[in-house]
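This report describes selected features of the structure shown below. Please keep the sequence and the three-dimensional view at hand while reading.

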Amino acid sequence: MPGMSLEFSLGQAALALLTILGILVGAGLFMGLLTLPIFFASMFYKNLWFWAAEERTGKILRRSFAQAVWTGFPAISLFSTVITFGYFGVFDIFEKLPLGKKGTTQTLFEGKYDDLTRKAGEKIIWRYPEGTAVEWKRDPVGGHAMLVMDEGATPEIIDGLSVPATMKPETPEEEADRKSQLKAAQAKARVRDQELKKIIRQQQAGIYAPPPEGDHTELSKEQLRRLDGMVSLVVESQSSMQLSIIQLIRGVGIFFMLIIGPFPLLVFGFSFIFGRRGMTMILRSLGRNLLRTSLTYLAIFVLVWVVTCVWSVLDFLDKLTQEKDANMKGLITEKYQIPSQMKPSHLNTIKSMLEELPEGQKPENIEDNLMTWAFVGGTLDPSKRTPMNSLFFFCTEPEKVIKMMPGLEDLTAEQFKMLEEACKMMGQNPRAVVIGHAKLVQMNKRVGDRIQVTSLNYKDLVFDFEIVAEFPAGTRWDQSAAMSRKYLDNALSEYEGKNGKAHPLADKCMNLIWIRLPNKAVFESFSERLNTSGRFTPAVKMEIESSAYANFLSPYKDLIRFLRYALAPGLLAVTTLVISLVISIGVRERRVEMAVLKVLGFRPWMVMALVLGEALLLGSLSGFLATATAYSLVNAMGGIPLPIGFFGKFFVPASALWWGPAIGTITSALGTIMPAWSARKIKVSEVFSRVA
Amino acid sequence: MPAEKQAMVRVRDLYKSFSRGSEEIRVLQKLTLDVPAGEFLALMGPSGSGKTTLLNLIAGLDSPTGGDIYVDNEHVSRMSESELARWRTRSVGFVFQFYYLLPVLTAYENVELPLLLLPMTKEQRRKQVLTALDLVGLTDRMSHRPGMLSGGQQQRVGIARAMVTDPVLIVADEPTGDLDSKSADEILTLMDVLCRQMNKTIIMVTHDPHAAERAMRALHLEKGRLVLDDDRTAKLGQRQKAGVA
């Protein structure tokens, strides 16, 4: 945000974009190579079915196996297709749902699948029950032992040793020394955690180490706090491990169901239209030159991977700037200044203006339809400020978050519940903050930590926060944080009390106000009144959420245009050329074979269809694998990092699952048209006279 | 020509030329010949004499520049490309020097290929393929791909493929050219059986005099003209050197 010193300049964004593109291509190549066996396995799966369809001879075991494959594979594919279609909301397509809303069937399928995978994850890796704690007073010896073990192995010490102490470059000796200290501290921490787990297990089993006879030192409050912190870390770490396993199971499960579901079913279905023998020829032809097929697969995979990631960003930005017809959300900001810095009293004026609206136009509960934001930037270390130790807070009313926060529709039911819990904790404790998972990892902090944040924009204010929860991983707030409006107001009052005068930003601490109105007509009329009321100094303006985003994104429009109109089409054109070259070589090599088919009576269009069929199958399967991998993996890893505005991460939408095959198919088709046409035009007599 | 044998193939004033820049190259020069039904005919001659061109024209793989070709009373030389393709599927079987089996298909599937273009049920196709493979003695190898078959076996599959649609005419372009003498002999014997027992008309292009000896009749071409018509129907079984008139 302007003025926050946390925004990225266009130049920085462009450089970051090039770096990210390089990373995307590299990641695409790596994932392409990793999924190559899956590609061939998928071809084998289909080939096996075609074999089973014809197998009528041989021993009874062989025939039984063939029969099982013939009926079983389509059944498995159908089952997987139903699950994946349900999961992605295909069956709700006619419900005409508002953008981002899930239909009944999707909610049901998603719920059941998430439940099943959660149970599977819980069976594979356990977690500590809710409220696991250690009664240190009943085991003071154990407590003291833990404190001794913790010395030299605290998270702060380990964090400190993870990076060089100063900006000055380290000598190799200094680096080696630091790394060996780090290794030792990490080893000590591991031993400490193992012992701690033992104590937890013992106490859960009701075993308490009897206190020694005689005098023993009781644990102080500070020591107890440290020990409880250690226990929280261990419990949290186990929960995180379980959550990671569950997410992995979910991602992998969906990935494989996609691979064995809709796509093979489509191929099986097409074989009834185009003939099994034709499909067999196509499938087997792709296996005749494994190197060439693999390279073509990789080329399409990387193309679709990169385009999917880029289009995911564009898709997200398009959705943001798309107008919604009902329940319109708008933003109220200062009219003539950026950054917007409104008086807190503006909120009351807006409330009274809303009260003045006639019934039918007035929101039912005005409080529930208003939310304020102040932007607070801060750093954990003012002497050595880095992006890793800096963070950006949305300062807001916690109880309004789950009613008004943008992007709620992206959350799963589970994530929504987590967010609700987090907001409740914030409401109960003004010191409580919620920080995005990715940001926590960056800062090397955990839930339960207390942090001191020196504000960058609210000069001379140092905030003392307690991290009570994290924003669900994989959401758009992964890099952000939220704090309570009450805390900021208290901090500003305290400042006034201490210094005898108001903080310079006290009367400018409302950056924007979210408002929700029933429909567009009300929105437009209220907006008109607000803009011309004369009741606000400084003057304010109101705009639809989508327009506000569009204005915010306007500095990035050249970048966005480059992504949309230059990069993606450029990649498509290059890959089309590559495919055209590869298929041409293949056609030239198989001229005689194609001439033989014509001799046998195959029509020119049939020969052309065989060539096209190979390319389309290869293109669509490669594209499908690329997007299935991008969807499962990129989202599981927290999204595509792209510094456009305050959107730190972008996620691959479910709709990418049909883009991918479409891009792959279209690219292959375009690249194959010329070679397929030349195959069609092969003159039999010329081919054989040359051969003779 | 024996009066009781009606001509399966009739060629009248056939000529074929190619353009090379401004030059016109005549490959066949006003050829006229008849091939009775059930005859095993060998086409011989030096390279460039036009024998493969003649074979291609009769089989409907190319169109003549002038003249007419009739096969089984079908005016082949006037057919369009798609008509020729349909006609070839039903009426002509082609045996190549290098077999040209599709490497990704098994022997069974290669033989079945032409039948896929005909309106037949799967069971009907199966019956015909098995009959063809049985005739060439390769039923036990039908699940093998060409790469797993010897040259002779591949050529037998080629012959099975050529006759699976029960064509009236089988054309063979140097069918023994890539085989050893034993395999070549087996192939020629097979072709003999097709001709004599199944009354197939076979036209074979060959350089090999031993192969030509197995034919009932040998036509010698030179520079696109017929120079010798050696009817060996009476002399079949004896070893004779082919001569030029």
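Just after helix α1 of chain B, B:G60 takes a positive phi of about 80 degrees. The model in which this angle is found is a predicted one. Helix α1(B) itself covers residues 51–58 and is mostly covered, since eight of its eight residues are buried. These buried residues are B:K51, B:T52, B:T53, B:L54, B:L55, B:N56, B:L57 and B:I58.

Chain B as a whole has seven helices and 10 strands. Buried residues make up 47% of its 245 residues. Along its principal axes, the C-alpha trace of chain B spans about 50 × 45 × 40 Å. A compact globule with 245 residues would have a radius of gyration near 18 Å, and chain B agrees with this, having 18 Å. Of the contacts in chain B between residues at least 6 apart in sequence, 68% join residues at least 24 apart.

Six strands of chain B form an open sheet with mixed pairing, in the order β6-β7-β8-β3-β9-β10. Which strands stand at the edges of this sheet? They are β6 (92–95) and β10 (225–231) of chain B; each has a single partner strand, so one side of each is left without a neighbour in the sheet. From one strand to the next, the twist averages 20 degrees. In general, strands of a sheet pair through backbone hydrogen bonds, either parallel or antiparallel. Strand β6(B) pairs with β7(B), residues 169–173, in the parallel sense over four bridges. Within this pair, B:G93 stands opposite B:I170 of β7(B).

The report now turns to chain A. Chain A is divided into two parts, domain 1 (10–108 + 246–319 + 558–691) and domain 2 (337–538). The centres of these domains of chain A, taken over C-alpha atoms, are separated by 44 Å.

How do helices α2 (residues 60–87) and α3 (residues 104–124) of chain A cross? Their axes come within 7 Å and cross at roughly 115 degrees. Helices α2(A) and α3(A) are therefore roughly perpendicular to each other. On the side of α2(A), the contact is made by A:I83, A:G86 and A:Y87, while α3(A) contributes A:T105, A:Q106, A:F109, A:E110 and A:Y113.

Elsewhere in chain A, A:V441 has its place in helix α14 (residues 437–443). Is A:V441 buried or partly exposed? With 14 other C-beta atoms within 10 Å, A:V441 is partly exposed. A:V441 and A:M388 are 53 residues apart in sequence, yet their C-alpha atoms are 9.3 Å apart in space.

The two chains also touch each other. The contact takes 20 residues from chain A and 20 residues from chain B.

The largest share of the side of chain A that touches chain B comes from α19(A), with five residues.

How values were computed. Residues numbered from 1 in each chain as written. Chains lettered and ligands numbered in written order. Predicted model: local features only at pLDDT ≥ 70, side-chain atom pairs only at ≥ 80, totals over all residues. Pairing = 2+ DSSP bridges. Helix = DSSP H or I, 4+ residues; strand = E, 2+ residues; numbered from the N terminus. Axes fitted to C-alpha atoms, helices over the stretch in contact; angles between N-to-C directions. Buried ≥ 20, exposed ≤ 12 C-beta atoms within 10 Å, placed from the backbone. Domains from an automatic or database assignment. Rg over C-alpha atoms; globule rule 2.2 N^0.38 Å. Contact = placed C-beta atoms within 7 Å. Parallel < 35°, antiparallel > 145°, perpendicular 65-115°, else oblique.
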